[in-house]
Amino acid sequence: MRRILVTGAAGAIGRNLLRGLYAFHRPQDVVAGYNKTPLTGLPEDGLSVQVDVTDKERLGLVVEKYDVGDVYHLSALLSIAAEKNPELARRVNMGGLTNVLDLAKDYDLRVFWPSSIAVFGSTAPKYNTPQDAPLDPEFEYGRNKVAGERLLQQYFNEFGVDARSVRYGGLLGPGKPGPGTTEYAIEMIYAAVKGEPYASPLGPGTALPMTDMRDAVRAAIEIMAAPKERIKIRTSYNLSAMSFTPEQLADEIRKYIPGFELRFKIDELKQRVANSWPYTIGDSFAREHWGWVHSYGLPETVGYMINEIR
Ligand code: AKB
C-alpha cells in the first residue's frame, strides 16, 4: 500500500486526524509531516518527517522517499493569523496547496484539503447557508480558501487530480487552540476546567457553525474513502453539525462546572470576522452524495472535551 502523508500534523486537526488514521492503518503506513514543531507521542513504528509545504522540491522528495499515495494537506494559517500576516498566508495557504496539487498531478496522489465557512461573506444568507451561496469573503483567510477551492476544481478538470474537500466550521477538540476566530470556544472550555472566568472576544449572540473534532476527522476519512463517482462537487462540500453563541456554550459548560463565569472583552478583528461568517450551514449535498452524518451536538462535545482536558 502507498503511504499516507499528513502535512501540518502537529496542528489541532493533524493530531486528531493521526489518531483517526492509526485506527485504520498501521503506524508505519502514515507519515506525519511537521514544519517547526517536532511531533511527540507517535506510536513506536510511527513515521514523521520535517517538511515545509512551501518547498516543493523537499515535498517531492518526501513523496518519493515514502512512496506516498494520499495526502491530507492541513498546513495553513488560520483566520486571525492570516489577517495579521497576509503575505505569509498566501505563501503557505495557497503556495503550499499549489505545490501539493502539482505533485498530485505528477505522482498520481489523492488529496484531502480542508476549506472553511470563511469562504462566505456578507452576501451569503446567514442561516442554513447553501452550498452554492455567493463566495465573497471579506478577509484574507477566506480569500485564500476560495482560491484554493478553485484550484481544486481546476486541477480536477484539467488533469483529473482527485482532490476532495469539506468546508469546516469551528472544530472543537482537546489541544492548544490556534490563532483563529472560532477557537474562542476551545479557550473557554479550557478556562472553565481550570476554574477561571473567561472573557469572550466575541460578543453576546455571535452564533457560528461548529463541529466536534471527532466528527471532523471522520468526515475527512470518509470523504477520502468514498467511491470516486460519489464526489460530485470538486470545489468543497459544506459540512455542518451544530451552531452556538458564547452564552449557549457557557450554559452547557455550567452543567459540569456550575460556577463558571463568562465575561466579554470584544476583540474588534475577531468580531468583524465572525460577523462576516454564516450562523448555520446547509450541508445536504455532503449528506446526499457521500453519506455524511454528524454524531455529536453541543452537549456531547462539551462533556467530551471537559473529560479529555481533565
Ligand atoms: C478559524 O476560525 O480561523 C477557523 C475556521 C473557521 O476556518 N477555525
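In which strand does Gly-170 lie? Gly-170 lies in strand E7, residues 170-172. Strands here are DSSP runs of E with at least two residues, helices are runs of H or I with at least four, and both are numbered from the N terminus. The model is predicted, so local features need pLDDT of at least 70 and side-chain atom pairs pLDDT 80 or more, while totals for chains, interfaces and linings use all residues. Residues are numbered from 1 along each chain as its sequence is written, and side-chain values use heavy atoms, with hydrogens and water left out.

Stay with Gly-170. Its relative accessible area is 0%, so Gly-170 is buried. Buried means under 20% relative accessible area, exposed over 50%, and partly exposed in between, using a 1.4 Å probe and protein chains only. Gly-170 touches Thr-182, Pro-209, Met-210 and Thr-211, leaving aside residues up to four places away in sequence. A contact means heavy atoms within 4.5 Å.

Now turn to helix H4, residues 86-107. H4 has 22 residues and reaches 30 Å from its first C-alpha to its last, close to the 32 Å expected. That expected span is 1.5 Å times one less than the number of residues. H4 bends by about 25° at Gly-95. The bend is the angle between axes fitted to the seven residues ending there and the seven starting there. Among the buried residues of H4 are Ala-89, Val-92 and Leu-97. Their cover includes helix H2, strand E4 and helix H5. After H4 comes Asp-108, with a positive phi near 55°.

Next, the aromatic rings. The whole structure holds 6 aromatic pairs. Rings of Phe, Tyr and Trp (its six-membered ring) pair if their centres lie within 6.5 Å; planes under 30 degrees apart count as stacked, over 60 as edge-to-face, and the rest as tilted. Tyr-72 and Phe-112 have ring centres 5.7 Å apart and planes at 40°, so this pair is tilted. Tyr-72 is in strand E4 and Phe-112 in strand E5, 40 residues apart. Both Tyr-72 and Phe-112 are buried.

Tyr-127 and Tyr-279 form an edge-to-face pair, 4.9 Å centre to centre with 65° between the planes. Each lies in a loop, and the pair ties together parts 152 residues apart in sequence. Tyr-127 is exposed at 60% relative accessibility, while Tyr-279 is partly exposed at 27%. The charged end of Lys-126 sits over the ring of Tyr-279, 5.4 Å from its centre. This requires NZ of Lys or CZ of Arg within 6 Å of the ring centre and within 35 degrees of the ring normal.
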